[in-house]
Amino acid sequence: MRVDELAAKVRARHPDVVVVRGEATVVVERGDLLGTLAELRDDPALELDSLSSVTATDWPDRDPRFWVSYELYSIAHRHRLRVQVGLAHDDPSVPSVVGLFPTANWHERETYDFYGIVFDGHPDLRRILLPDGWRGWPLRKDEELGGVDTRYQGAFIPPVDKRTT
Amino acid sequence: MPVERIEGFKTGKDDADAEEELERGLLLTTLDRSVSWARKQSMWPVTFGLACCAIEMMSTGAGNYDLARWGMELFRASPRQSDLMIVAGRVSQKMAPVLRTVYDQMPEPKWVISMGVCASAGGMFTNYAVVQGVDTIVPVDIYVPGCPPKPEMLMYGILRLHEKVRTEGRFR
Amino acid sequence: MSDDALWTGELRQETLVINMGPQHPSTHGVLRLLLELDGETVVTCTPIIGYLHTGIEKNTEYRTWQQGVTYVTRADYLSPFFNETAYCLAAERLLGIEAPRRAQVLRVLFMEMNRIASHLVWLATAGMELGAISVMLYGFREREEIMDIFEAATGLRMNHAYVRIGGVVMDLPDGGLDHIGDFLAMMPGRIREYENLLSKNPIWLERNVGVGVLPVAEALSFGVTGPILRASGLARDVRKDEPYCGYETYEFDVPVREAGDCYARYEVRIDEMRQSLRIVEQCVERLREPGLVMIEDPKLRWPAELEVGPDGIGNSQRYITHIMEESMEALIHHFKIVTEGISVPAGEVYLPVESPRGELGMFVVSNGSNKPYRVKIRDPSFVNLQAVPEMVDGGLVADTVAVISSVDPVMGGVDR
């Protein structure tokens, strides 16, 4: 199905649909997320049954701050849709979609690991890429890139954005 | 890039240590020389390929840039049976304790080649996740720069290590 | 357990938990598997990853758009051209530009040769892990031919920052097409050699047929893509379903098998190598006409004109004369674009490509500045590894090795 047709079909139930550069994005509320994804998966015209990726972006000067993006793809109809949910700074939690898409398991663990976003209902939410005892959520914009504590033969190398040359 | 030097922080050997080694070495030269020659002739590396440099290390061991000419084609899986650790690739914070454990499990005498800029100094990844130089964890004998170093560069590093072992002349 | 049990010879039934990796010759990099064994049978298998986490995604947020290519190329280090192309296509979609036709053909050419090189490494390591050690040497021998071509064209054997935003950075050298032609003439015979060595080999068959079966429904629910999904029966290939770089104009087939076991994946990858050779032949034909390899817009194009010299890639002498002596404007553009970088309009893009391991997606977010705001690499091996417990549970420990090598994970992409 072409992108504008897909967008029109989705817009019928969820008004907040944008089509930019040939890609359709629908923004939903956190409470509607599971229902929307189930709908999009089960509707025979849309059949968005494959979840490619779950990720988050941190916009610290916007409210809501965290935007979790779900990339959906339909194997039968070969079209894509992005579903986005905005989360506030002080309550970064969202229902887990592992029940609908088992592939989301590790994707959600990675997003938790990087941003500290809690996925309610995830069977095993713990750090996946960073060491278990790591403190902090490295990909948030208020976290340093690092390089602060690196000591090399008596030298101290500041992180990239603080070097003067 | 400005680099701050911190007062009083020093690593490596200084003159007093080197003299002591020279004295000890002079007593056992011929035996030392043959032992060193034997050690360098077939140094077995332990498989410690981590990232892209591991592929270049495998290429060096394969047919085109054969490492078997120096008796090193046999990459032992167990550190207890090897004498050389070629740290090939970026060492993440999670991998660092594993690296130290594998190094500790190797019997003496053992040598370390830090292959690639990521192992030598953190490479292009000056961030929270990569250890900025594997010599903060294990003592390194030869640093081979490159991203990744061509097999010929790694071979040159290995040959320099052989020279170092051959001329070291210390009973360890 | 009482002392009586020691003397009566009662059997104790408990499972043994052992650790396989991260330093292990057969785990394709630093993958750690926690295996719970009942004798030789695997009861549960838990993959633990993160031993190669490099913080690539965070690092790209602190570098310019063009520098991002060099970071992204080291994620899945066995398929650097795919990482670069996905990133550059995503950035080009945000900019609203398209690379010239010749650049697209060069991208396809190098991607397909990279696919062959990656499958050769897979074949080499899979053979070695299952005991066919000479396959390791054959695989790397062929790979050296491909590395020679890469080195002649891009200056580097691996992690070439060749594909840039707006095109590719250099054209093929003189005699490059002949070099590739020689490679094309030699390769089919070599692939036949591998098949003669392995395909009907009783040990290879014993160790691969019926091992690590993944039914297509499980594969889809785990989000598995690439040769594993195609070996389970579903013909999903991003090159056919969502074409990019002109793939819709090339003639090639997508190999599919039904069995879903390690042997099927072996057959799929061997056939993919043949199909890639077909595509490379078509690319070589199209490259006979000259053309531009980088867009002309001076505000966006990578300004340098590089060529491969005796010590690697550098600016050509003619270009240096041009900017230093002939054109002040060119010097200013060069300076500005290399130091400050280009500004990419705000927006979000998700761009999938078909890497040798599956669907490699690049989710790129821009906020209008000269640095990417967020680059997320949807790596195929990261998702494929989730299916490993399903394939391994209930099998033997030795089958775990066969399964991991048939999944072909590259930990650089998994951990980024």
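## Close-up views of a predicted model

**Figure 1. An open sheet of 3 strands in chain C has the order β1-β2-β3 and antiparallel pairing.** The structure shown here and in the following views is a predicted model. At the edges of the sheet lie β1 (16-20) and β3 (41-48) of chain C, each of which pairs on one side only. On average, neighbouring strands of the sheet are turned by 20° against each other, direction ignored. The pairing of strand β2 (residues 32-38) of chain C with β3(C) is antiparallel and runs over 7 bridges. Within this pair, Leu34(C) stands opposite Thr46(C) in β3(C). Helix α17 (residues 397-407) of chain C packs on the sheet and touches β2 and β3 of chain C. The direction of α17 makes about 150° with that of β2(C).

**Figure 2. A further open sheet in chain C consists of 3 antiparallel strands in the order β8-β9-β10.** Its edge strands are β8 (347-355) and β10 (374-378) of chain C, and each pairs on one side only. Direction ignored, neighbouring strands of this sheet are turned by 15° against each other on average. Between β8(C) and strand β9 (residues 358-366) of chain C, 9 bridges form in the antiparallel sense. Gly347(C) is placed opposite Ser366(C) in β9(C). The helix that packs on this sheet is α4 (residues 80-95) of chain C, which touches β8 and β9 of chain C. Its direction makes about 150° with that of β8(C).

**Figure 3. Helix α4(C) packs against helix α5 (residues 101-129) of chain C.** The two helices meet at an angle of about 145°, and their axes are 8 Å apart. From α4(C), the contact involves Pro80(C), Phe81(C), Phe82(C) and Thr85(C). These residues meet Arg107(C), Phe110(C), Met111(C) and Asn114(C) in α5(C). Classified by residue type, the contact of α4(C) with α5(C) comprises 5 nonpolar, 2 polar and 1 charged residues.

**Figure 4. The contact between chain C and chain B takes 27 residues from chain C and 28 residues from chain B.** On the side of chain C that touches chain B, the elements giving two or more residues are α2 (56-60) and α6 (133-154) of chain C. The most is given by α6(C), with 5 residues. The residues on this side of chain C divide into 12 nonpolar, 10 polar and 5 charged.

**Figure 5. Phe222(C) lies in the loop between α9 (216-221) and α10 (227-231) of chain C.** Phe222(C) counts as buried because 25 other C-beta atoms lie within 10 Å, and 20 or more are required for that class. Not counting residues up to four places away in sequence, Phe222(C) touches Pro102(A) and Thr103(A) in chain A, together with Gln386(C), Ala387(C) and Glu390(C) in chain C. The C-alpha atoms of Phe222(C) and Arg143(C), which are 79 residues apart along the chain, are separated by 32 Å.

**Figure 6. The largest nonpolar core has 175 residues.** In soluble globular proteins, nonpolar side chains tend to be buried together. The residues with the most contacts inside this core are Val87(B), Ala88(B), Ile113(B), Met115(B), Ala90(C) and Ala91(C). With 16 residues, α5(C) gives the most to the core. Leaving aside neighbours within four places in sequence, Ile113(B) is in contact with Leu84(B), Ile86(B), Asp141(B), Ile142(B), Val144(B), Gly157(B), Ile158(B) and Leu161(B). A second, separate core has 31 residues, including Leu51(A), Tyr115(A), Ile117(A) and Leu139(A).

Note on methods
Residues are numbered from 1 along each chain as its sequence is written. Chains are lettered from A and ligands numbered from 1 in the order in which they are written. This is a predicted model: local features need pLDDT of at least 70, side-chain atom pairs count only at pLDDT 80 or more; totals for chains, interfaces and linings use all residues. Two strands pair if DSSP finds at least two bridges between them. Helices (H or I, at least four residues) and strands (E, at least two) are DSSP runs, numbered from the N terminus. Axes are lines fitted to C-alpha atoms, for helices over the stretch in contact, and angles run from 0 to 180 degrees between N-to-C directions. Two residues are in contact if their C-beta atoms, placed from the backbone, lie within 7 Å. Ala, Val, Leu, Ile, Met, Phe, Trp, Tyr, Cys and Pro count as nonpolar, Asp, Glu, Lys and Arg as charged, and the others, Gly among them, as polar. A residue is buried if 20 or more other C-beta atoms lie within 10 Å of its own, exposed if 12 or fewer, and partly exposed in between; C-beta atoms are placed from the backbone. A nonpolar core is a set of buried Ala, Val, Leu, Ile, Met, Phe, Trp, Tyr and Cys residues joined through C-beta atoms within 7 Å.
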